[in-house]
Amino acid sequence: MNIILLGPPGAGKGTQAHRLVAEQGMVQLSTGDMLRAARTSGTEMGKQVAAVMDRGELVTDEIVIGLIAEQLDSDASSGFIFDGFPRTLTQADALGALLESKGQTLEAVVEMQVDDEALVERITGRFTCGACGTGYHDSFKKPDVEGKCDNCGAEGTFKRRPDDNEDALRTRLFAYYKDTSPLIGYYYAKDKLKRIDGLGEIEEVAGQINTALDL
Ligand code: ADP
Ligand code: ADP
Ligand code: ZN
């Protein structure tokens, strides 16, 4: 089952994708994570996108479509979770064509609805374990032991994203409403859209997603 998690920055896509990977054995394809990995490893493409990402603007369709295309032959018998991709209509068309060329289908697009005020709170308190990628929050998801990752046990690996600041967040939200929100209508018309209330607690949101996907 291949699904898309669609929602504004901070909606909880990464959090729910991680859970679905652990519980269902699905494979998460996050273009944000791929782009950050390219920056860390210092590839030419990574250098090219760094400033764009830090401002909160979208990187080019060509780059992210290329990143996804490279991954679609991975072994994913339980399906892919597209997290943060597609973000434009061009990307959505490209994904449709790529899946079709592999004889694959898209099962559902889960739209996680969260209002702007909650997004600001989520983004400004977000941090992640640099060793395993588990996400945390200053108020909503603290590690059991301060400074230590619950998932992998690493210490001193927590980090915050350079684009999780108010200025970049404003730009990211604008990009979401302008370029990405048209995908809601696009997938509604294809009868793929499942809308869920992303404002509840992490466990509640998980339950809603499972119900929407018949899990
Ligand atoms: P968020 O957690 O805000 O949803 P991501 O980690 O998905 O953010 O993405 C971080 C940044 O990476 C974006 O602001 C954008 O610059 C770039 N990016 C990620 N995915 C895409 C995409 N599909 N198209 C264009 N840019 C992308
Ligand atoms: P996205 O991938 O959509 O940008 P994340 O999954 O990284 O969003 O979540 C953003 C922040 O909000 C993280 O710090 C995460 O721990 C926290 N978070 C995620 N889901 C919820 C929720 N349902 N309630 C409160 N906080 C949440
Ligand atoms: Zn960890």
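Helices here are DSSP runs of H or I with at least four residues, and strands are E runs of at least two, both numbered from the N terminus. This is a predicted model, where local features need pLDDT of at least 70, side-chain atom pairs count only at pLDDT 80 or more, and totals for chains, interfaces and linings use all residues. Residues are numbered from 1 along each chain as its sequence is written, and side-chain values use heavy atoms, with hydrogens and water left out.

**Overall build**

The protein has 9 helices and 8 strands. Its radius of gyration (over C-alpha atoms) is 17 Å, close to the 17 Å from the globule rule (2.2 Å times the number of residues to the power 0.38) for 215 residues, so the protein is as compact as a globular protein of that length. Along the principal axes, the C-alpha atoms fill a box of roughly 45 × 40 × 35 Å. Buried residues make up 44% of the 215 residues; buried means under 20% relative accessible area, exposed over 50%, and partly exposed in between, with a 1.4 Å probe and protein chains only.

**Salt bridges**

Side chains of opposite charge can pair when their charged atoms come close. Counting a side-chain nitrogen of Lys or Arg within 4 Å of a carboxyl oxygen of Asp or Glu as a salt bridge, the total comes to 15. Here are some of them:

| Pair | N to O distance |
|---|---|
| Asp 54 and Arg 39 | 3.0 Å |
| Glu 111 and Arg 195 | 2.7 Å |
| Arg 172 and Asp 164 | 3.1 Å |

Take Asp 54 and Arg 39, joined by a salt bridge. Asp 54 sits in helix H3 (residues 44–55) and Arg 39 in helix H2 (residues 31–40), so the bridge ties together parts 15 residues apart in sequence. Asp 54 is partly exposed at 30% relative accessibility, and Arg 39 is partly exposed too, at 26%.

Glu 111 pairs with Arg 195. That one links distant parts of the chain, 84 residues apart: Glu 111 is in strand E4 and Arg 195 in strand E8 (residues 193–197). Glu 111 is buried, at 6% relative accessibility.

**A charged patch**

Asp 115, Asp 116, Glu 117 and Glu 121 form a negative surface patch. Patch residues have over 30% relative accessible area and no salt bridge, with like charges joined within 9 Å. Asp 115 lies in the loop between strand E4 (108–113) and helix H6 (116–124), and its 40% relative accessibility makes Asp 115 partly exposed.

Note on methods: Chains lettered and ligands numbered in written order. Patch = residues over 30% accessible without salt bridge, like charges linked within 9 Å, V, L, I, M, F, W, Y side chains within 5 Å. Areas by Shrake-Rupley, 256 points an atom, 1.4 Å probe, with all protein chains shown as cover. Lys, Arg positive; Asp, Glu negative; His and termini not counted. Charge placed at Lys NZ, Arg CZ, Asp CG, Glu CD.
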